[in-house]
Amino acid sequence: MSVDRTPDAPDRLEEGSIEQRLVRDTAALIQSKDDALDGATLSRLHQARSAAIENKRAIDWHWKPLTGAVAAAALVTLVLQTNLDLDEQSDQEILPNLVDAGTQDTDDLELLTSAIDLELLEDLDFYLWLESSDEVEA
Amino acid sequence: MRNVQAQVTLAGSMDEFLASQERRAFNMALMATGNRDDALEIVQDAMFKLVQKYSNKEPASWGPLFTRILQNRIKNWYRRQSLTRRWFGRGATENVEQNERDAAAETSVELPDAFAHSTPATEAQQQRFMNALEAALRDLPLRQQQVFLLRAVQGLDVGETAAAMSCSAGSVKTHYSRALQKLKLQLAEYS
């Protein structure tokens, strides 16, 4: 760093000049080291670079089938889930009919277990007519 | 088919990018570690990380990303070394110092082309200066050294340097200023 010292120059200018020279010399130093790398180091750098690229390719090719399988599994799960939901919905639509049917069955059960003679119920119209005609005669 | 073609192109351009960066990255790491094998390992790790995580990013962003990854790897190396020195004491320190001396011997500085036409006396003086400059750069604390190199050699501005080193712009300015002061002090006899 051969700095030109001029006694009358302002300190700040000199400081800036030294900084510029240091920066320039450092850049030149590193550039010369870049250019002067030995064959063994360059070879290892080349190997490292190739390994990084190949490793990425290998990972990509290993992941692709797995990604496809996961996507397929997700699709199947979705379809199955949708079908199950539809079945559940259908069941809920049928349920009110079943409830009605159950109510009717209960009514029938009451009839069957009541003390009233079934024959009376079957011929209820006849007995109503008979009762009304008796009232008229009376 | 188009995907495969795109991958091949991407791999090709990534390969070219890394090829353009590897020497400088190695010398930055070597300056920090003082050890050729450690520097190579750091560069290899940085390459793997960039390719695996960021090869799908825009090629324009690879430079800043690679610089940042490299700096993180250097920082991690430094932390490991500090721990080793703390736990294993002087023996480990001696090994590291020996490695540093070996690295300095392995990478003796050759004068840049700018000095090609100088006289033998001037050339010898410049050679001594370049060796002293390299020693002074090696002696800088890691953060100061890397900030100075990123700014002086890589040509990064304050913001870019701060992003690469995961620190504030204020820290970059402080480290740079301190590095400059130390270099001036150590190289005063060459002024």
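This is a predicted model: local features need pLDDT of at least 70, side-chain atom pairs count only at pLDDT 80 or more; totals for chains, interfaces and linings use all residues.
1. A:Tyr127 and its contacts. Leaving aside neighbours within four places in sequence, A:Tyr127 is in contact with A:Glu119 and A:Leu120. The residue belongs to helix 4 of chain A, residues 124-137.

2. A:Ser32. This residue sits in helix 1 of chain A. A:Ser32 is buried because its relative accessible area, 9%, falls under the 20% cut-off. The side chain of A:Ser32 reaches the backbone oxygen of A:Leu29, at a distance of 2.6 Å. As a general point on geometry, an α-helix has 3.6 residues a turn, so residues three or four places apart point the same way.

3. Extent of the interface between the chains. On one side, 41 residues of chain A take part, and they are in contact with 46 residues of chain B. The area buried between chain A and chain B is about 3900 Å². Carbon and sulfur atoms give 63% of that area.

4. Polar and charged pairing across the interface. Between chain A and chain B there are five salt bridges. In one salt bridge the side chain of A:Arg49 meets that of B:Glu22, at 2.9 Å from N to O. Eleven residue pairs are in polar contact across the interface of chain A and chain B, with both residues at pLDDT 80 or more.

5. Two or more residues on the side of chain A that touches chain B come from each of helix 1 (11-35) and helix 2 (39-113) of chain A. Helix 2 of chain A gives the most, with 18 residues. By residue class, the side of chain A that touches chain B divides into 20 nonpolar, seven polar and 14 charged.

6. Fold of chain B. The secondary structure of chain B consists of seven helices and zero strands. Along the sequence this reads α-α-α-α-α-α-α. Chain B has 191 residues, of which 42% count as buried. Taking contacts in chain B between residues at least 6 apart in sequence, 64% join residues at least 24 apart.

7. Confidence in chain B. The mean pLDDT of chain B is 84, and 79% of its residues reach 70 or more. Within chain B, confidence is lowest in helix 3 (residues 59-106), where the mean is 76. Confidence is highest in helix 5 of chain B (residues 142-152), at 96.

8. Helix 5 of chain B. How many of its residues are buried? Nine of the eleven are, which leaves helix 5 of chain B mostly covered. Among the buried residues of this helix are B:Leu142, B:Gln144, B:Gln146, B:Val147, B:Phe148 and B:Leu149. B:Leu150 and B:Ala152 are also buried.

9. B:Gln145. B:Gln145 lies in helix 5 of chain B. Its relative accessibility is 1%, and B:Gln145 therefore counts as buried, the cut-off being under 20%. Which residues does B:Gln145 contact once neighbours within four places in sequence are left aside? They are B:Met31, B:Ala32, B:Leu137, B:Arg138 and B:Leu140.

Definitions and conventions. Residues are numbered from 1 along each chain as its sequence is written. Chains are lettered from A and ligands numbered from 1 in the order in which they are written. Side-chain values use heavy atoms; hydrogens and water are left out. Contact means heavy atoms within 4.5 Å. Buried area is the accessible area (1.4 Å probe) that two parts lose on being put together, summed over both. A salt bridge is a side-chain nitrogen of Lys or Arg within 4 Å of a carboxyl oxygen of Asp or Glu. A polar contact is a pair of N or O atoms within 3.5 Å; within protein, one must be able to donate a hydrogen and the other to accept it, and residues adjacent in sequence count only if both atoms are side-chain atoms. Helices (H or I, at least four residues) and strands (E, at least two) are DSSP runs, numbered from the N terminus. Ala, Val, Leu, Ile, Met, Phe, Trp, Tyr, Cys and Pro count as nonpolar, Asp, Glu, Lys and Arg as charged, and the others, Gly among them, as polar. pLDDT is the predictor's confidence in each residue, from 0 to 100. Buried means under 20% relative accessible area, exposed over 50%, partly exposed in between (1.4 Å probe, protein chains only).
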